[in-house]
Amino acid sequence: MTAYATSHLRQLEAESIYVIREVAAEFERPVMLYSIGKDSTVLTHLAIKAFYPARPPFPWLHVDTTWKFREMIAFRDRYIKKELGLDLIVNVNEAGVKAGINPFEHGSKKYTDIMKTESLLQALDKHKFDAAFGGARRDEELSRAKERIYSFRDRNHRWDPRNQRPELWNIYNARINKGESIRVFPLSNWTELDIWQYIYKEQLPVVPLYFAKKRPVVERDGRLIMVDDDRFPLEKGEKPKRRQVRFRTLGCYPLTGAIESKATTLEDVIREMLLARSSERQGRVIDHDKAGSMEEKKREGYF
Amino acid sequence: MEIGDIKEYLAQHERKEILRVFTCGSVDDGKSTLIGRLLFDSHLLYEDQLSAVTEESARRGNLDGGFDPSLLTDGLKAEREQGITIDVAYRYFSTASRKFIVADTPGHEQYTRNMATGASNCDLAIILVDANNGVTVQTRRHSFIVSLLGIRHVLVAVNKMDLVDYSEARFNQIVNDFTGFAARLELRDINFIPISALDGGNVVNLSENMPWHRGGTLMHYLEHVVVATDRNLIDFRLPVQYVTRPEAGDRGYCGSVASGVVRRGDEIMVLPSRRRSRVKSILTYDGELEEAFPPNAVNIVLEDQLDVARGDVLVHPGNLPRLGETVDAMIVWMDENPMVQGKRYELKHMSKTVSGAVSSIRYRIDVNTFHRQNTSELALNEIGRCTLSLSEAIAVDPYRTNRVTGSFILVDRLSNATVGAGMVIDRSRVQEWTEHWDTSPSSEALQSELSRVSSEERAARFGQRPATVLLTGLSGAGKTTIAYALERRLFDMGHAANVLDGQNLRLGISRDLGFTRTERSEALRRAAELARVINDAGLICVCAFVSPSEEIRTRMRGVIGEQRMILVHLSAPLEVCRERDEDGLYALADAGEFTDFPGVTATYEAPASPDLVLPTHEISVEESVDRLIAFLKSRGMLG
Ligand SMILES: Nc1nc2c(ncn2[C@@H]2O[C@H](COP(=O)(O)OP(=O)(O)O)[C@@H](O)[C@H]2O)c(=O)[nH]1
């Protein structure tokens, strides 16, 4: 290799750190949207690196829909709060909880709107955040290929497809009017494989749900759904089967499909990924509700 | 995909390089098909994406229900119809050696604005030409933008060769047409490959229909083109992005190294204040660094408490950018409202934002004909050369030598929209001497010709593969002696070789040059160009030059070729060389006769990773030559 070579992971890392620093410098109240998944883990790690030896100058925000896997919440409290000692805000849409909103009776769309999107917007408004970091990547879905790194939102957190700014070089236009905000995607150029390789290289902890284990699952519309607690409405006489499964993405347990797998270690997961025969978002119920639903979600402010 | 030992695989894949590729072509030249083909033939598709595509192909009755790879990249078409602006779409794939990021400007509106955006971060451009249509006005425009945005490597993919019976004559004609007009642009490295994106010929797999094509496939080129030497490792610039103030400890200046190399202990200057200090430490989460280079994101602590803020730039005091309140630049206009003289915009340059007005527009350039026209404004998608006057000085370099410090954007103060993209132009050359590593050819009539004798034929004739053996080391380390001894030995063995010696060149081709750092650099550039010609002729070239820095050797490697240059370090230490001082040069240098004399008044940087080290203070000339011959043999250079 030529002198002063930089591997792709180091290069991606440097570019993401650059973006994180830019946002921290140019916005008044940035926040890290923390979803507990593998991308969030990487983003958290990068934010810590970006300001080392100082601490990241913004808080972490987790929107708790109250239907997350229990292991996710345990991981969040252990890693983000205890181990890293980061400033963590957890937001729950209390009105939604009171109304008993759940994915079974209200359908995934309505449920997500209220417990996730609405809850997120509540938190953003409450704390007057003007820049929110997210872990989305362009390789996740065909329609994301065109996404900017700084994605602009109007006063109502709406994404106006006609009003996005060209991004040249690494110069980001951070000018917004009062009340407007941006979503920032420092991991835009990472692929799923990059994320796993980086986790492997940096030895980052991830939620154990990514690794195969015997878990109680039932089949719903061709998807394997894990029965994570007794709120899950089983059919009459139905009994969850214990199957060796893991998850490629994590979210609300009733909406997240598991895959059968023997991958119990990080190496196994990467190996399986390399041989993967379907791309990662397929496991998410929310995308399949309706064609083009990802774009709609975005306009409503979910991403 | 075969994966053996996963740990081995991971170790190997950790060392990948990133290559950013920009694709351009007119509608229907086959860009989508090509991108789809690259993904498909490299086995990079997931099955659910694939089945969606095959279904769609069948539904549309394409290709007898076969596979139409262009549908893979069509995910965006529907969105475009809904009025969603897509200026650039990015695709990702990787092979064992590289991760590729493909920036594509999809759609029918091949706006200059979108192309400039897509091109701004890329290392390499694939320009598609339809073999049927040949070089068109669009080809010229694409090439112009690629050149304007400073993309160093161009691959002209002549597509749809199946429609012209895979004709070599047709291909050669297109190559000629292209090189004809490209000579007027600043495109330094152009390659041509005939392909059929539809049948896959020469994309990932070689085409059986074009046995006359001697270069490899498009994928082979993408995997092997050398881009590491494109980086500017000479002019240290670090824009301060963020200042950290940990509860205990020193202030840290966070930023990414834009160019050059900075080491712990280096003297630095802060711009615009011009205050000096030294680098106390280079902090990262992964430990302190001895040195940092692009694109490292670091946190720098200085020895003195200076008042450094976001927007300042750290540089080496001996190598300054231009600090000024006026800037000359080429500007690409990106807004519906035209750019007008006198109006104030916000200008964002690295981490600094100032306000600026366009004080004059020298000319507008027609991207199709390259003609210059007078104008008083720039409309959407127009490009012009302008002078801006700013509210505060900024530190710039010409875009040609530094893409980071030489670029900026203009933002409208009312709408907050990004309205312009600027590339700084060299001011009139004030220095008497410049190095010409990055100078473009001066005449529009220049063309590059392709030899009718292939390198394989030459190798067969001479029974050797050409190489340049660069002997680097201090003055007195034995470079010249060993160079001529090696030449003698090679000749006696029946090989064809010659020596380029620093002093000889200075008596001839470089007699106009003195010994300042810049002039030394230019002398080496000429030497490297000569070495390349000698190698092109099939000969082995032995170079005896001090070549004192890693940067200069990297640049020489860039000219000579990654594979061809063999770097040999004659490691005799300074004391030994001084002792020898056969030509009395050290004595003269000590007496102040020479400026920038490596080892005395300038540093000599030993190569970090030479191909071979010869401890010439310990071994004989014969032994050195033996080792050189053995090494050349091991590399398969000597038949
Ligand atoms: N015969 C032939 N047709 C091709 C080739 N490459 C692309 N095409 C066809 O040209 C048309 C336009 O291709 P497409 O990839 O959509 O072009 P784009 O507009 O540049 O993205 C399609 O009908 C392709 O099937 C090729 O190598 N040979």
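Pro53(A) lies in the loop between α2 (38–51) and β2 (60–63) of chain A. Those labels come from DSSP runs: helices are H or I runs of at least four residues, strands are E runs of at least two, and both are numbered from the N terminus. This is a predicted model, where local features need pLDDT of at least 70, side-chain atom pairs count only at pLDDT 80 or more, and totals for chains, interfaces and linings use all residues. Residues are numbered from 1 along each chain as its sequence is written, chains are lettered from A and ligands numbered from 1 in the order in which they are written, and side-chain values use heavy atoms, leaving out hydrogens and water.

Tyr52(A) and Pro53(A) are joined by a cis peptide bond, with omega at about 5°. Chain B has a cis bond as well, running from Leu271(B) to Pro272(B) with omega near 10°. Pro272(B) sits in the loop between β11 (267–271) and β12 (275–283) of chain B. Most peptide bonds are trans, and most residues other than glycine have a negative phi.

Now for phi. Lys128(A) isn't a glycine, yet its phi is positive, about 55°. You'll find Lys128(A) in the loop between α5 (103–127) and β4 (131–133) of chain A. In chain B, Asn381(B) has a positive phi too, near 70°, and its place is the loop between β21 (377–378) and β22 (383–396).

Are these two residues buried or exposed? Buried means under 20% relative accessible area, exposed means over 50%, and partly exposed is in between (1.4 Å probe, protein chains only). Lys128(A) has 62% relative accessibility, so it counts as exposed. Asn381(B) has 16%, so it counts as buried.

### A closer look at two residues of chain A

Ser261(A) belongs to the loop between β10 (257–260) and α7 (266–274) of chain A. It counts as buried because its relative accessible area is 6%. Leaving out residues up to four places away in sequence, Ser261(A) touches Ala212(A), Gln244(A), Val245(A), Arg246(A) and Glu272(A); contact here means heavy atoms within 4.5 Å. With Arg246(A), the side chains make a polar contact at 3.2 Å. A polar contact is a pair of N or O atoms within 3.5 Å; within protein, one must be able to donate a hydrogen and the other to accept it, and residues adjacent in sequence count only if both atoms are side-chain atoms.

Trp159(A) is in the loop between β5 (150–153) and β6 (181–184) of chain A. This tryptophan is buried too, at 4% relative accessible area.

### Salt bridges

Side chains of opposite charge can pair when their charged atoms come close. A salt bridge here is a side-chain nitrogen of Lys or Arg within 4 Å of a carboxyl oxygen of Asp or Glu. How many are there over all chains? The search of the whole structure finds 56. Here are some of them.

| Glu260(A) | Arg243(A) | 2.8 Å |

Asp104(B) is in strand β3 (residues 98–104) and Lys31(B) in helix α2 (residues 31–41) of chain B, so the pair ties together parts that are 73 residues apart in sequence. Asp104(B) is buried at 7% relative accessibility, and Lys31(B) is buried at 8%.

### Where the chains meet

The contact between the chains takes 89 residues from chain B and 75 from chain A. Together they bury about 7,200 Å², 57% of it on carbon and sulfur atoms; buried area is the accessible area (1.4 Å probe) that two parts lose on being put together, summed over both. Between chain B and chain A there are 9 salt bridges, and 32 residue pairs are in polar contact across the interface (both at pLDDT 80 or more).
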